[in-house]
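Here's a quick walk through one model, from a pair of helices out to the chain contact. Have the structure open while you read.

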Amino acid sequence: MSDVTFPMVRRRPLDPPDEATELRQQGAMHRMTYPDGHRGWLVTRYSAARAILAHPHFSNRQELSHPPLPSQLERVRMQRERKMPAGVFLRMDPPDHTRYRKLLTGQFTVRRMKALESRIEEIVNAHLDGMAAAGGPVDLVQMFALPIPSLVICELLGVPYEDRAQFQEDSKLLLSLETKAEEAIAALGRVMAYLYGLIQRKRKEPSDDLLSGLIEGGELNDEELTGVSFLLLVAGHETTANMLGLGTYALLTNPDQLAAMRDDPSVVDNGVEELLRYLTIIHVGPIRTALEDVEIEGTLIKAGETVTLQLPAANRDPSRFPDGDRLDVTRQAGGHLTFGHGIHQCLGQQLARAEMRIAYPALLRRFPGLRLAVTPEEVPMRSDMGIYGVHRLPVTW
Amino acid sequence: MEIKADTTVCIGAGMCALTVPEVFDQSEDEGTVELLQKVPPQELEDGVRRAVTLCPSGAISIA
């Protein structure tokens with residue numbers, strides 16, 4: 001039986017690591033030795049990954065799991081010495097998780113996100129105006145991909161946008177796989193302290209935003225509110241921003257797909273799903289730990305064993321997505337695992353969809369001659385980050 | 001085809017309302033699934049099956 005270690009590198013920028021693809025061809029479940037010596041598993045096929053994400057006997061609690069990357073060992077050890085911040089419900093199991101999730105689901109419905117569309121359009125158009133005024137070449141990440149989701153999540157939560165520079169920097173440190181443990185803990189502390197202060201201010205002067213609404217709801221104390229807002233703020237920043245950056249890179253290097261997304265409005269919804277599937281920016285994980293012995297597709301996972309899901313390979317699994325290594329914006333791509341599956345499936349997914357459905361076509365129509373200002377090989381990829389993407393995307397038109 | 005929806009396990013992901021808005025909605029307060037029609041017309045049955053597959057928490061089922 002093969003024995004896998006991490007990390008794995010995406011050698012071609014848009015494809016999963018070759019090792020992951022080879023493993024998927026061999027089977028769904030692979031023995032993997034974790035950096036702390038734990039003998040756990042790596043999952044590379046779609047159906048097994050989906051089954052684990054939906055299974056009630058797999059826990060998402062960090063204190064039960066073994067980190068798959070050597071660079072995370074020290075950070076996780078230091079985090080465990082401190083108490084896990086309250087309110088970060090992504091790393092909770094039911095019933096704790098249920099309590100938080102229920103407080104927030106009403107805020108992220110399809111209907112609410114549709115109501116936000118005109119505001120998102122305004123934000124997108126303002127940034128396209130900014131690009132046009134600057135004249136090419138520009139870095140699309142700094143002028144478009146990062147500021148749009150950043151502004152949207154700040155507005156939705158009620159975080160003053162002028163405060164963004166510091167937590168964008170800190171969020172980058174937190175999500176980099178190469179940040180030293182002490183630096184990451186310090187960055188976490190800074191963001192938490194900022195948000196705690198913001199919540200104190202909002203208690204005195206509430207306004208019409210999600211955080212004020214949660215405060216008024218009275219269900220959560222200040223520590224819990226800080227954790228919830230931390231989770232939403234960081235999740236809202238790095239994810240959609242990287243989809244917009246890497247997605248534009250993928251379209252620019254696949255001109256026929258770009259033309260379809262630009263010229264055929266009926267393609268856009270599905271094209272967004274396909275980009276989510278094809279790019280799978282979740283670079284490492286999700287990670288789960290078995291609470292009891294569970295059999296998944298004929299393999300026994302014992303209680304206490306950690307499983308790491310290799311989503312980029314799972315989302316290319318040909319048994320679920322035929323010819324999955326091809327980007328095809330007309331494919332029925334729904335059901336991909338990029339937002340996860342099961343009770344932790346991304347709370348902000350409808351917001352992310354709304355942003356992408358508006359931003360991609362608006363960008364491509366405003367600049368029909370959009371092209372890379374460097375060769376595709378010169379674009380720096382985020383192999384060093386927990387969320388994959390491009391560090392910079394120099395474009396002109 | 002008859003649809004069943006279990007709001008106690010629903011996590012409000014909204015995949016059903018996104019896939020077949022004629023059949024599924026989300027409650028204003030909690031974002032949990034609301035059935036607009038229990039027995040969908042035949043032309044929406046494929047969409048309903050897709051919504052059941054996409055639901056991350058297993059909250060909707062068909063009998």
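H6(A) passes H8(A) in a right-handed crossing (right-handed if the near helix is turned clockwise from the far one by less than a right angle, left-handed if anticlockwise). The model is a predicted one, where local features need pLDDT of at least 70 and side-chain atom pairs count only at pLDDT 80 or more, while totals for chains, interfaces and linings use all residues. Residues are numbered from 1 along each chain as its sequence is written, chains are lettered from A and ligands numbered from 1 in the order in which they are written, and side-chain values use heavy atoms, leaving out hydrogens and water.

The axes of H6 (residues 117-134) and H8 (residues 147-157) of chain A come within 10 Å and cross at roughly 145°; axes are lines fitted to C-alpha atoms, for helices over the stretch in contact, with angles from 0 to 180 degrees between N-to-C directions. Helices here are DSSP runs (H or I, at least four residues), as are strands (E, at least two), numbered from the N terminus.

Who does the touching (heavy atoms within 4.5 Å)? H6(A) brings A:Arg119, A:Ile120, A:Ile123, A:Val124 and A:His127, and H8(A) answers with A:Pro147, A:Ile148, A:Leu151, A:Val152 and A:Glu155.

H8(A) is largely enclosed by the rest of the structure, because 10 of its 11 residues are buried. Buried means under 20% relative accessible area, exposed over 50%, and partly exposed in between (1.4 Å probe, protein chains only). Among the buried ones are A:Ser150 and A:Cys154. Just after H8(A), A:Gly158 takes a positive phi of about 95°.

A:Gly158 also turns up among the residues touched by A:Leu198, along with A:Val159, A:Pro160 and A:Leu211, leaving aside residues up to four places away in sequence. A:Leu198 sits in helix H10 (residues 181-204) of chain A. A:Thr5, for its part, is in the loop between strand S1 (3-4) and helix H1 (18-26) of chain A.

| Residue | Relative accessible area | State |
|---|---|---|
| A:Leu198 | 3% | buried |
| A:Thr5 | 52% | exposed |

In space, A:Thr5 is 9.2 Å from A:Arg31, C-alpha to C-alpha, at 26 residues apart in sequence.

Now for the other chain: 21 residues of chain B are in contact with 19 residues of chain A. The count between these two chains is three salt bridges (a side-chain nitrogen of Lys or Arg within 4 Å of a carboxyl oxygen of Asp or Glu). A:Arg111 and B:Asp25 meet in a salt bridge at 2.7 Å, N to O.

Methods:
Contact means heavy atoms within 4.5 Å.
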